[in-house]
Amino acid sequence: MSHLYRSAIHAKVAKLPAMPPPQIGSVEEEDEENEAADGLGSLPSSLGSGSRSGSRQHHQHPPNPAYSPVSASSYFEHAIQVSVPPSNLDVRVYYTAPKTGDGAVMVCHHGAGYSGLSFACLAREVGLLSRGECGVLAIDCRGHGKTTRISDDDDNGAEIETEDLAIGILTDDLVNLISTVYPDPNSAPSLLLVGHSLGGSVSVRACPLLQERKYRITGVGVLDVVEEFTLEALPMMHSLLDARPDGFNSPEEAVEWHVMTHAIRNVESARVSIPGIIIPNPDPSSGPAYLWRTPLRLTAPYWSSWFTGLSSKFLLTRTARLLVLAGAERLDKELMIGQMQGKFQLVVLANVGHMVHEDDPGRLAEVLVEFWRRNERVVIGVKKVGEL
């Protein structure tokens, strides 16, 4: 709900070491056309918008090459399908391994409607800044991107209509995925959980469950979501969705729409991430050639439960805590008290929108790598940020 969430807030205030093949399941073999369609391009197999349908005539415009899809192979080393039987999911994972044996892995969970490719530019920056010591594992969660149910052969996005996106289910999915990829907590790398919007809520809830299984969690980073203000914005979501196009005539048009509306302010990132959140229309005669992979209106029954209780759960996580906000410091009462008590690190990034990890991946990477280094290599006897 990224740009819509930010718009609603404004309206209201008006003013892994190498993964062992036996544990990660089979690698998806996809033809070049499908890979180009979702912006994956040559990833190694080994490891003006469309009009609202029914209301206006669809105008065809030549695709603008300035917004053409870009392959994710320059940002991640691998695109892998991980079979996760406990969740009945075949999860798409984008992965760059740490270059050292004692390296860490940043596990990134996207927000509603997006995919793991929204972390592509950030993943590249993290690798450069950490000199490869910190790897990145970004996922497509249930009902998003190229993650499908194991029992489903059809990857046309239709299953979102019956997909259970309850926060407890999404949390279990993340825990089950990490347990599948790293079956032995003792040999697993330390993990830094990073989540954007909905993904932040999932990461916060997954942290204690992973710790119960003895995984080492260096910290939790939440990107641009504050419980109180998010819940206040939800009543306006449907009217904002009404102004959103039903689809697009080409991937280039989808990228251009996101850039021109400032939903994403980084053209490079949009060219990588946006093609992965649209799918070909199975009946092009009924509307635009491409539709949203995850129709946000169908997720409405879950919106409130996604964010209710987030602030208290964030403050209670027994690890280092980081909250990154876009543009302005707006904390609810619970977070304000927690921040004054030194319970978490707060960073406010300027000149970015809700998609902070796409808008300025370089600056966010600096924040995350510095946060990881400080808390991963803390001197014995010195408490981490969030444990004060």
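Start by selecting phenylalanine 314: this residue is buried, with a relative accessible area of 3%. The model is predicted, so keep in mind that every value on this tour is computed from it.

Next, colour the aromatic rings. The count of aromatic pairs comes to seven. Select tyrosine 302 and tryptophan 306 to see one of them. Their ring centres are 6.5 Å apart and their planes meet at 10°; planes under 30 degrees apart count as stacked, so this pair is stacked. Tyrosine 302 and tryptophan 306 are both buried.

Phenylalanine 314 belongs to helix α12 (residues 310–316), while phenylalanine 344 is in the loop between α13 (333–340) and β12 (345–349). The pair therefore ties together parts that are 30 residues apart in sequence. Phenylalanine 344 is buried too, with a relative accessible area of 5%.

Then select Phe248, Trp257 and Trp292, which ring pairs link into a cluster. Arginine 244 lies over the face of tryptophan 292, 3.6 Å from the ring centre.

For the last stop, select arginine 330 and phenylalanine 229. Here arginine 330 lies over the face of phenylalanine 229, and the distance to the ring centre is 3.9 Å.

Key. Residues numbered from 1 in each chain as written. Predicted model: local features only at pLDDT ≥ 70, side-chain atom pairs only at ≥ 80, totals over all residues. Heavy atoms only, no water. Phe/Tyr/Trp six-rings, centres within 6.5 Å; stacked < 30°, edge-to-face > 60°. Buried < 20%, exposed > 50% of the residue type's maximum accessible area, 1.4 Å probe, protein only. Helix = DSSP H or I, 4+ residues; strand = E, 2+ residues; numbered from the N terminus. Lys NZ or Arg CZ within 6 Å of the ring centre and 35° of its normal.
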